Amino acid sequence: TYTVEVASGTSVIGVLTAVSAEELTFQTKDLGVLVIKRTNLKQLSLMTPEQARRGYDYQGNGNRLFFAPTARNLRRGEGTVQTIDIFLLGVNYGITDNISMGALFTWVPAAGADNLFALTPKVSFPVNERVRLGGGGLLFFQQGTNFTLAYGNATYGSADNNLTAGVGYAFVGGKYVNTPVFMLGGATRVSRRISLLNETYILNIKDSYENATFVGGIAGVRVSGQRLSGSLGMMYGFYSYTNRRYAGDNSGDGGAYPFAEATYRFGRVK
């Protein structure tokens with residue numbers, strides 16, 4: 001069973017029954033037998049058995065949570081454009097089914113030359129039908145300085161329902177920072193249009209005398225269409241600090257802030 005999108009933007013769900021050099025034939029529930037010329041085909045996406053049973057549309061390959069990447073990749077020829085809280089923009093494109101490249105940048109007018117720019121290369125491959133492994137980097141540049149986060153991750157599940165765990169290490173100005181950042185996140189699709197998502201980051205910095213721990217992330221809901229999706233949630237963060245050299249030098253705090261993003265998926269996938 002496939003989700004079929006033609007050049008006009010119309011989408012249908014059907015079972016592929018015949019293939020020729022110029023046409024594809026589908027048996028659909030609402031339209032009966034549908035013959036589509038290959039030149040009019042914009043996207044042809046194989047549905048999972050669960051998607052076909054529930055009548056779900058294809059809404060992407062589950063390559064990203066709110067911000068964090070999963071070990072699932074964009075398909076070749078598929079891309080996304082994303083805006084996060086208006087002032088952070090991102091674009092990603094599937095070079096192959098296993099390799100993608102992206103970019104992030106801020107466009108805060110008052111920041112001028114202090115706006116950030118980043119590259120986000122990513123590679124992933126399937127271990128089996130449910131498990132994928134991946135890795136990549138976030139290469140940030142600002143006013144002659146640079147910051148790099150190299151990461152590896154693993155994802156279990158499908159595009160609709162998945163769990164991802166990852167770890168990353170930072171390089172600041174070319175120098176290695178021996179403090180890992182751990183990430184745990186997941187998504188579950190609860191209806192045709194709605195998914196629940198969460199991503200949590202954990203960072204612990206300590207030496208013989210000091211210990212600081214940060215836990216933060218994003219939790220919320222995503223509403224998805226065939227090409228356009230939008231998310232609302234809360235960014236949360238909590239930290240604790242302890243200094244064993246000075247009694248009473250301990251602190252901790254936390255908070256939560258609104259989060260919003262919108263993503264448009266583009267490209268021609270067959």
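Strands are DSSP runs of E with at least two residues, numbered from the N terminus. Within this pair, Thr28 has Gly32 in β4 as its bridge partner.

A word on the source. This is a predicted model, where local features need pLDDT of at least 70, side-chain atom pairs count only at pLDDT 80 or more, and totals for chains, interfaces and linings use all residues. Residues are numbered from 1 along each chain as its sequence is written, and side-chain values use heavy atoms, with hydrogens and water left out.

Now the sheet. Five strands form an open, antiparallel sheet, and the order is β4-β3-β2-β1-β5. At its edges are β4 (32-37) and β5 (41-46), each of which pairs on one side only. On average, neighbouring strands of this sheet are turned by 40 degrees against each other, direction ignored; the axes are lines fitted to C-alpha atoms, and angles run from 0 to 180 degrees between N-to-C directions.

β6 (residues 78-84) and β7 (residues 88-94) run antiparallel and are joined by six bridges. Ile84 stands opposite Leu88 in β7. The hairpin of β6 and β7 has three residues between the strands, and Asp85 there takes a positive phi near 45 degrees.

What does β7 pair with through seven bridges? The partner is β8, residues 99-106, again in the antiparallel sense. Leu89 stands opposite Phe105 in β8, and a hairpin of four residues joins β7 to β8.

How values were computed:
Two strands pair if DSSP finds at least two bridges between them.
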